[in-house]
Amino acid sequence: MFMCKDRSVCIGPAVSTAALIQVEPEKEDDPWDLPELHDTGVSWADLDTQGKVLRVFRSVGKFILLLGLLYMFVCSLDILSSAFQLVGGKTAGDIFQDNEVLSNPLAGLVIGVLVTLLVQSSSTSSSIVVSMVSSGLLQVSMAVPIIMGTNIGTSVTNTLVAMTQAGERDTFRRAFAGATVHDFFNWLSVLVLLPLEATTGYLYHLTELIVRSFHLESGENAPALLNVITDPLTHAIIELDESVITGIATGDPEAKNKSLIKIWCRTSTNTSLQNVTLANCTRGMCWEWRNVSETLNIRKCGHIFVNTELPDLAVGLILLAMSLLVLCTCLVLIVKLLNSVLKGQVAKVIKTIINTDFPFPFAWLTGYLAIIVGAVMTFIVQSSSVFTSAITPLVGIGVISIERAYPLSVGSNIGTTSTAVLAALASPGDTLTNSLQIALVHLFFNVSGIVLWYIVPFMRAPIWLAKSLGDVTARHRWFALIYILVCFFLLPLLIFGLSLAGWAVLLAVLLPPAILLLFVVSVNVLQGRWPHALPSCLRTWDFLPIWARSLEPWDRVVTVVTACCCCCKCCEVAQGDEEAGPVNKGCEMESHNNLAMANDSEEKEKVPPPPVVLKMTVL
């Protein structure tokens, strides 16, 4: 119906169209989506000839600089391993000597973790185990849990590398999850396979059957692929005599008094027949002919610590500080360089190649190809720590997804065992069987872990566990440090100490927390998937106090403690400034944001000073 004010103008009724417009709710961004790396520079088509030539030279220069930084990164990891061996190598050898403790599977597992943390090399700790088995000091069945522990200990390096990316929240979320997905795979594999091995011994019997089915002969030394490139630099800084650690572990009394720093790089052994006088001889012939071996030192090593008089601990601490400084510097520069290089079309191509699956129906083969790539790359660099630490920054900046980093990390576990198999094939004929069996135990342990936690898609628990931990550490970054300290230091030390007291004490202390943890995990899974299966009181954790179900109260405690330390420093600086005059008041903090109040000096004098707690909160 129209309303006409006059005969010429008619106005229609006002009809609202608000109901016809449906505003779609904005979708929340998934923090695990790979970010778009936009190219902010001038496109290639808009450049002139000179600009194109400069861009090519700049790209080549960045690529060469990236290779140089990766080279320094790998060398710093090698020096870091040597530093840890100097600091704790002899302690690691002493730990392996207590066979009564090693007979406990849990103690053997923890010893493998701690020794690998001390020497920062699963290859070194595995070689110690192999030498002890070869010499008859350790049985193969007792060495199986130690090999499992070395698998866990070597995964701490890339977790520490992820800590260097804590500056940006989303980058740290992805980087820490990409690093800890390796940790969760190793821990979950141990939780299932260690009890299975302790009850059935399937790894021992399987590898024994394989070794006995072949007629094996001693082979050549394992190939040194990456070491050919890195040894000139690392050996110019430090070179270690790793036989000292093995000698301590095998009970050689002379090894305890030797230094780990290698002095003579070329020696020669001469054996001659000499007349030796017999001791405590009273009558008859008091001498006899014996073959006496004499070692001749021919050429000294060329590293900078060859003539040092410093103890091993001092040299180790110096190298530890130097290698950590170079490591962190290289990581920061690598991340910045990758951010400048991997953008635009280059980033799209790399992300497409790495993260795209094969077309249907072969999409399931993509992950297994990634496992093979991870194994081959680890075999080339001969270190799973180096490979996983190298892909951690790529996960952080969004080039590699968590779903793709998982099979790459799993493949690195396979690659590091292949090096051990080749090293075992280089053993003498009389010790070849035991050495190869231990290497195969390491291999089939990781293969069993893949069968458990990768083949069936819904069993890939390490991925969602790593993402959950990444979300927590992104909100509360201090929790990342707590995770590293508890999982790799405090918990292994606690289990090792309890294992010295016997099985009864170990079970009495650890069994109740283990049952409680299993109950909490089970309830959490049911709350998320089948809440109707739970009683009403367990469908949420709201009945618990807030400190028991949330990290927010602990976050406030950490903030206040950190603020207290900062306020103490500010107070010291303020006291020093008051003696010089009331000129610098940088440590004073106001609790208001009103400019009018700040400008009114009379009102400001009447206002009492803010309490200390308020100052800390503002800080």
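**Labels and their cut-offs**

Guide: Let us start with Glu208, which counts as buried at 17% relative accessibility. Before going on, note that this is a predicted model, where local features need pLDDT of at least 70, side-chain atom pairs count only at pLDDT 80 or more, and totals for chains, interfaces and linings use all residues. Residues are numbered from 1 along each chain as its sequence is written, and side-chain values use heavy atoms, with hydrogens and water left out.

Visitor: Why is Glu208 called buried?
Guide: Buried means under 20% relative accessible area, exposed means over 50%, and partly exposed lies in between (1.4 Å probe, protein chains only). Glu208 has 17%, so it counts as buried.

Visitor: And Arg212, buried or exposed?
Guide: Arg212 is at 66%, over the 50% mark, so it counts as exposed.

Visitor: What makes Arg212 and Glu208 a salt bridge?
Guide: The term asks for a side-chain nitrogen of Lys or Arg within 4 Å of a carboxyl oxygen of Asp or Glu. For Arg212 and Glu208 the closest N and O atoms are 2.9 Å apart, so the pair qualifies. By this rule the count comes to 5 salt bridges.

Visitor: Where do Arg212 and Glu208 sit?
Guide: Both are in helix α8 (residues 202–212), 4 residues apart, which means about one helical turn separates them. Helices here are DSSP runs (H or I, at least four residues), numbered from the N terminus.

Visitor: Which salt bridge links distant parts of the chain?
Guide: The side chains of Glu403 and Lys467 meet at 2.6 Å, N to O. Glu403 belongs to helix α15 (residues 402–425) and Lys467 to helix α17 (residues 461–475), 64 residues apart. Glu403 has a relative accessible area of 37%, so it is partly exposed.

Visitor: What makes the link between Asn186 and Asn413 a polar contact?
Guide: A polar contact is a pair of N or O atoms within 3.5 Å; within protein, one must be able to donate a hydrogen and the other to accept it, and residues adjacent in sequence count only if both atoms are side-chain atoms. The two side chains come to 3.0 Å, so the distance is inside that limit. Asn186, in helix α7, is buried at 1%.

Definitions and conventions:
Helix = DSSP H or I, 4+ residues; strand = E, 2+ residues; numbered from the N terminus.
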